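Hi,

Here is the structure I promised to pass on to you. Have a look at it first, and then read my notes below.

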Amino acid sequence: MTALSVTQRPGDPPAPPRRRRAKRPARGIILNVVAVAAGLAAWTGLSASGIQGLTGPVDVAVRGAELIADGTLTADLLASLRRVFTGFALGTALAVPVGFLMGWYATARALIEPYVQFFRTIPPLAIIPLAILLMGIGETPKVFVIFLAAFLSSVVATFQGVMDVDKTLINAARVLGASDRVIFLKVVVPASTPFIIVGMRVGLGAAWGTLVAAELIAAQEGLGYRMQQAQLYYDLPTIFVGLISIGVLGLLMDRLLQLAERRLTGWQERR
């Protein structure tokens, strides 16, 4: 049994760096599977208990297989995903530069922030009647309300990220002779990235939440449209298929954003 020396004598080779204990993603995956299984078991139990109208997982799975077989679910998934992705991408693409502009320049903040805060108090769903009158009943108003939901969530997060950058880091960079451009690119942008990703995740949830209402606007396909049609005929399995599809797609997109966050913010301490 060898003892570890506390001090290192001159001439000794440098001690190898301590390795951080590797995280075990397998444990998290197992817990996820257990949680899903428990949820399905609870759902099955509730449907078997005689709650009026509540359909069970088996009926939903059968209905989902039917919708996949005839191509209906695939077409609805692609239509909804296209609308959400377009609105979300446009919203975040505009929100990030506007948020940086508001946070970095006081004049821009004074000019833009009142409008952002004003429209934040108006639910995107309330814009739908105005969007129909101004943009017609095509794809444009659907994408616009989703864009608005994603933009308002992301712009505030980006703005707050810039405002919360440690002033000591900025002052230190100025003392070292860094220009405003270098400070912005090397200090402000990296420090704001976690806030931007969080804003994007919130905006993604808002985009999916707005989708069903957006597809009220004379849609002929889409998950929201299919659920609304199923409501007319009291088709609960189809409604559950739509809900589960939205949840799964939203979860997958959120996981992709989390992966991007880990890649872009590897310098952060994590628990």
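Thr238 is found in helix 10, where helices (H or I, at least four residues) are DSSP runs numbered from the N terminus. Before going on, please keep in mind that this is a predicted model, in which local features need pLDDT of at least 70 and side-chain atom pairs count only at pLDDT 80 or more, while totals for chains, interfaces and linings use all residues. Residues are numbered from 1 along each chain as its sequence is written, and side-chain values use heavy atoms, with hydrogens and water left out.

Is Thr238 buried or exposed? Thr238 is buried, because its relative accessible area is 4%; buried means under 20% relative accessible area, exposed over 50%, and partly exposed in between (1.4 Å probe, protein chains only). Leaving aside neighbours within four places in sequence, Thr238 is in contact with Arg63, Leu67, Arg226 and Ala230, contact being heavy atoms within 4.5 Å. Thr238 and Asp59 are 179 residues apart in sequence, yet their C-alpha atoms are 9.5 Å apart in space.

Now to the two helices. Two packed helices are described by the angle between their axes and the distance between the axes. The axes of helix 2 and helix 10 (residues 236–264) come within 9 Å and cross at roughly 80°. That makes the two helices roughly perpendicular, a label for angles of 65 to 115 degrees (under 35 is roughly parallel, over 145 roughly antiparallel, the rest oblique). Axes here are lines fitted to C-alpha atoms, for helices over the stretch in contact, and angles run from 0 to 180 degrees between N-to-C directions. On the helix 2 side, Asp59, Val60, Arg63, Gly64 and Leu67 meet Pro237, Thr238, Phe240, Val241 and Ile244 of helix 10.

Which residues of helix 2 are buried? They are Pro57, Val60, Gly64 and Leu67. These cover an arc of only 85° around the axis, so they sit on the same side of helix 2; the arc is that of the directions from the helix axis to the C-beta atoms. Val58 and Ala69, on the other side of helix 2, are exposed. After helix 2 comes Gly71, with a positive phi near 85°.

Most residues other than glycine have a negative phi. Tyr234 is not a glycine, but has a positive phi of about 55°. Tyr234 is exposed, because its relative accessible area is 60%.

Happy exploring!
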